[in-house]
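Hi there,

Here is the structure I promised you. Have a look at it first, and then read my notes below.

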Amino acid sequence: MSELEKPLRAELTVEYPFTRTTGTVIGAFMTGLREKRLFGIKRSDGSVLVPPLEYDPVSSEPLTEMVEVSQSGVVETWTWIDPPRPQSPWDDPHALALIRLDGSDTSMLHAVLVGSPSEMRTGMRVTAQWKEERVGHIADLEGFIQETEEADS
Amino acid sequence: MTDPNSPPASLSQEVEIPESISGLEPVRSVRSPIRLVYDFVPSPPVQEYLRSYSTKKILGHRSPIDGAVFVPPRGVDPRHGVLIEESVELSDKGHVGNFCVTHLPIPGRDDLDTPYVSAWIHLDGASVGFLGLVAGCENDEVHIGMRVQAVWKEDEELGNTAENILYWKPTGEPAVPIEKAGNRAWGQTNE
Amino acid sequence: MSAELTAVLGVGQTKYSSTRGDVSIAGLCREAAYRALEDACLDWKEIDAVVIGKAPDFFEGVMMPELYLAEALGAVGKPILRVHTAGSVGGSTALVAASLIQSRVHEKVLTIGFEKQSESNATWALSLPQPFSVSINAGAGGYFSPIIRQYMSRSGAPELIGCMVAFKDRQHALKNPFAHLHQNDLTFEEVVDSPMLWNPIRYSETCPSSDGACAMVLGNEASGDRAENQVAWVHGTAMRSESNNFPGRDEVNPLASRQCAADVFRQAGITNPLKEIDAVEIYVPFSWYEPMWLESLGFAELDQGWRMVEDGTTSLSGGELPVNCSGGVLSSNPIGASGMIRFAEAALQVRGMAGDHQVDGAKKSFGHAYGGGAQYFAMWIVGAEKP
Amino acid sequence: MSKSNSFRDVAVVSVATHQTKILSEVNEVQLMADLISKCRNSAGVTQAEIGFTCSGSSDFLAGQAFSFVHTLDSVGAFPPISESHVEMDGAFALYEAWVKLQIGEVDTALVYSYGKPSAGSIIDVLATQLDPYYVSPLWPDCFSLAALQARLLLDKGLITLEKMAEISMRSQKNGSDNPNAVRSSKDVSFENLMNEPAIVDPLRASDISEIADGGCAVILAAGDKAKSFCGRPAWIKGIDHRVDSHTLGARDLTRSPSAFLAAEKAGINTDRLDLAEIHGMTSAQELILEKEFDLNEKTTVNLSGGSLASDTLMASGLIRISEVASRIISGQADRGLAHATSGPCLQQNLVCVLEGE
C-alpha cells in the first residue's frame, strides 16, 4: 500500500481525572484503608458485607451498622493477570481473586501477590498487605499475600 | 413541603462509624482517573475529503435523491438514510449563514485570541453550512449573508486537513439576503 | 385497544447544587428515589420495574451506570432500562416509564434521571476534540448562539428579552427550595451587565452545572385511584427526533418540535394551549429559548413569543401562563435529570404540591425537554383530573 | 411480563446483520444506513410508515459523547420520527419498541444497534462499567471476571474443561455456515481445543468470545401488518428481562438468577423449543445459561456460532434475536429462544421467545 493510499488515522485519547465523593459508608471504608483496617456493614439478617455498601445488595434497604473484619481470609476463586492493564495499580503479574475475609459473608475483589499461578489454589488463606503511603483508596491495599504458618496458629 | 436539606425519612438513620476511626478526619472523596485510547479512522469519504485539502480542494457529497450537496461528506443523506457515493468539488467562496462571537477560550486552541468569530460557512454549490473561523475584518462587521472566501496556508504547509484553511475573509461582494442565507434557503428555492 | 391511564403517584428531588460532596452516586439517586417512594406511599417491593436516564456516561466515567445502580434502586430481580437521548433524556426516560404502564406491561414503575457533574468537568465531557475536525466551537453555547441570533433577527425581539427571562427564572428559583441558584440580591442590571460569553448569550443567561437527581413513581389507573396523595394524570405523551444540519432545516423552530407539540396537544384534546394550560415547564438552558419554544409549541404566534416575556405573561407573579415556576434549567441543571425535573414539576403543579412556586388552581400543565442540536424532543401533558 | 395480561401479537418481520473483525470500508453510520435500508426494503416499508424507532449503542465504546446522534443520519430522520435510544444492547431497544407496540397506537417499529470495539480497548472500556469506588479503579478486565466465574464452576464440579471445549467446538463448527462468524472452523478438533493453554486462567482463547465490529437492524410489526410484510412472521410469544446485583462478591456466580427469571416470565417451555441463541462471553457462561434455561437435546443451541464466534458489544443480543427470527421466517425452525446479556458475569439478562405459525 502506498503512502497515499494508507488510511489517515489518529489516536483519540479520552482522559478524565475523576474525583468521586464517597458518602458516609464508602468514605468510612476508605478511611479504614488509610488506617490499615477493613470494615464491613451488617445486613438485616446479621450477615456482613465487605466491602460495605450503603444499601443491601438484594433488598436495597439502607444499611448503617459498620463492623470491623479480619485482615485475613480465604480465596474463593482466582485468575492470573499477565500482563496487568496499564492503569491498574499493579506492575507485575499477579492473581486476581475473590477473597472472603474472616468475619465477612461476602467476598471482595483484589489481588493476591504471588509469583506464579502455580502458587495459587482455591481455598488458600491470605492476609492483607498494605502500602506505605495510604490516602484512602481501594489500592491502599497493595493486595493479599499467602498467610504464614505463624499467622495461622 | 419536603425539606431538601434533610434526608428522606427512609435514609434518616445515621450510619454507625466504628469507634476506631470515628474521631479521625474521614475520607470524603477518591480520585479515579480514566484514560481510554481509541484508534480514530475517518470513513472513506471523509478520507477523500481530508486528502483533497492538500490540493486546496473542498469536496462535498451529492445526494442521489435530489442533488443536495453535503459538506463535509457524511456518507449518507441524513434526510433519507440513503448512501451517497458521488463527490463534487466545491468553490472556496461562500457566505456566512450564521455566526457566533465567542468570548471564551476553548480547550486545545490557545492560538485563538478571544473574542473570535466562528461561523457556519455556506459554500457556493453546497446545500448545508460547515464551521469556519471568520477574520480579516472587525468582529462587529460580520453579519448573516456576508460573502467570504477561504484564506489558505502557504502551499508548502498544506496537509491532509481542513486546518489548511486558516480562516474565511470577507470578499466585499454584495451580501446574500438574510432570507436566502443558511440552511433555510434550500426549502425556499425548492418549494 | 387504548392505552392504560397513567398517573404520577410520587415525585422526589434532591437539593441541586454545584457539588453534592456529601453523597456517592448511588446515595444521590437514592435520595430522590426514596422521596418519590415516600410521596407515593410505596416501598421497593411494590415497584415492578425501573427506568433510568442520564446524559453521556463520560460525565461520571461510569459506563452504563444502571448496572452498578441496580441494587441501589431496588431493581434486583426486576427489569431495568437505561435511556439516553441527549439533553431530552430526562423527559424521554419518564416517557419510556409511562409506556410501560400505558402498555399494561407493568403497574408501578420507578423512573429516575441524574447527573453528578462535579465528578468531572462538563465542558470536557461535551467537547471531546475529534481528530481531523477543526475545533472552534465552544460547547453548547457556541452551537446555540447563532440560532438565537437568527431568532432575534427574524422576530425583531428587543435585545434584553433574554435577560428578562433569566431574571424572571432566578426570581422563581427563590421560591423553590430545591433549586441550585438562589441569588437573593440579583438585580436585572447585574444580569444585563454580566459578561458576554457567546454573543448574544451573556453569562447570566446560561444554565449552571449541577449535581442532582429527580425521580417519579408512575402507576396505572387502579393505583392512581388508590393513592393517598393527589396524583397527576397523564393526558398526552410524545417524542420526536430529526437529523441535524440538512438543507431546508429550520434550526430556530425545528419541525420535530412542532410535530411533537401537535401530537401531544391532540392526545390531550387541547386546541388553545395558551388558554387551556395553566403552568408550563420547558427546557430553557439559554434564556432566549423561552420565547423561541413558546412559539414553536403554539403558546404564542410566530415571532411574537418575546412579547409574552416583555409583558410578564410568563411570570409567576400574576402572569397568564407562568413558565418555569421552579426556576427552570436556568436555575438548576443536572443534565440527565433536567428533563425529568420539568416533567416532575409539571406534575407537582397539578397535584397542588409545588409549595411557594405553586400556580393557584393549576389543572393542566405541560412538561418539555429537548436535546442534541435541538433535534430530540420529549413532551407530556398532565392534569389534576383523569383525561 | 405479567402472564395475567394478554398482549398484542407482535412479530419480527425483517432482519439484517453484519459482523466483521474490523469494519474499515464504511463507518457505523454507513453500515447502519445499509442494514436499515435492507431491512426496510425486505419488509417493503418506508421510514414514513414506521411508527417508532429505537436504537442501542454506547458512547464509551465509540469514544464520543452523544455518538448515537450521528447514527440518526442512517435512519433518514426527516420528516421527524418518533424515536428513542437506550445506552444498552439493541435487544433492550427491541424490548422498548415491543412495549410501544403494545400501547396500540403504532403498528410498526424499527430497531437497530451497532458497535465498533476495534476502535478501542474493549477490556479497558468495560472496566469502567464496574463499581466506581471498589472495583473499577483496579481495572479488572471482563475476561478475568468471567474467568473467576469459570473457576468457581470448575471447582464445584458444575462444569468441566471438556464441557467447555465442547461448547467452543460447537461454536466454531456452527459458525462455519455463518458469513458473520469471525472465528469458525469446520474441522476444529476437540483435542486441539483441550490442548490450548489458558490465557485467562482457566479460560483458553477458544473459551472467550471473538470481538467483532458490526450492527443489526430489525423490523417489528403488529397483527395483520406483520402478515402483510412477511409470509411467515416470527411472533414474539414472550419477552422479559431482569437484573441481578452488581456486587460480584455477594452473588453466587455459578448461577444467573436473572436469566432464569426472565426465561420463566417469557414462558420458554423447553419441550417445544427447536433452537436457542444464547449470549455469553465465555463457553462457561453458555453452560450456565443452558442450565438456567433447562435446555434439553430437543433444542439446537447457537446455530450461528453465537457470540463466541462473533461478539459485537451493544449488538450481540439483538443479533441473537435476529438469528432466531430469520430461521423462523425462513421456515427452518418453528419456535426458538433468543437471549441477551449485559454487565459482568451475566448480571442482566433478556429472553425473547419467538414462534412461527
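**What I found**

Chain D has 13 helices and 12 strands; helices (H or I, at least four residues) and strands (E, at least two) are DSSP runs, numbered from the N terminus. Please note that this is a predicted model: local features need pLDDT of at least 70, side-chain atom pairs count only at pLDDT 80 or more, and totals for chains, interfaces and linings use all residues. Residues are numbered from 1 along each chain as its sequence is written, chains are lettered from A and ligands numbered from 1 in the order in which they are written, and side-chain values use heavy atoms, with hydrogens and water left out.

**Chain D**

The C-alpha atoms of chain D fill a box of roughly 55 × 45 × 40 Å along the principal axes. Of its 357 residues, 71% are buried, where buried means under 20% relative accessible area, exposed over 50% and partly exposed in between (1.4 Å probe, protein chains only).

Is D:Asn349 buried or exposed? With a relative accessible area of 0%, D:Asn349 is buried.

**Chain C**

Chain C comes to 13 helices and 11 strands. Its C-alpha trace spans about 55 × 50 × 45 Å along the principal axes, and 73% of its 387 residues count as buried.

Enjoy exploring!
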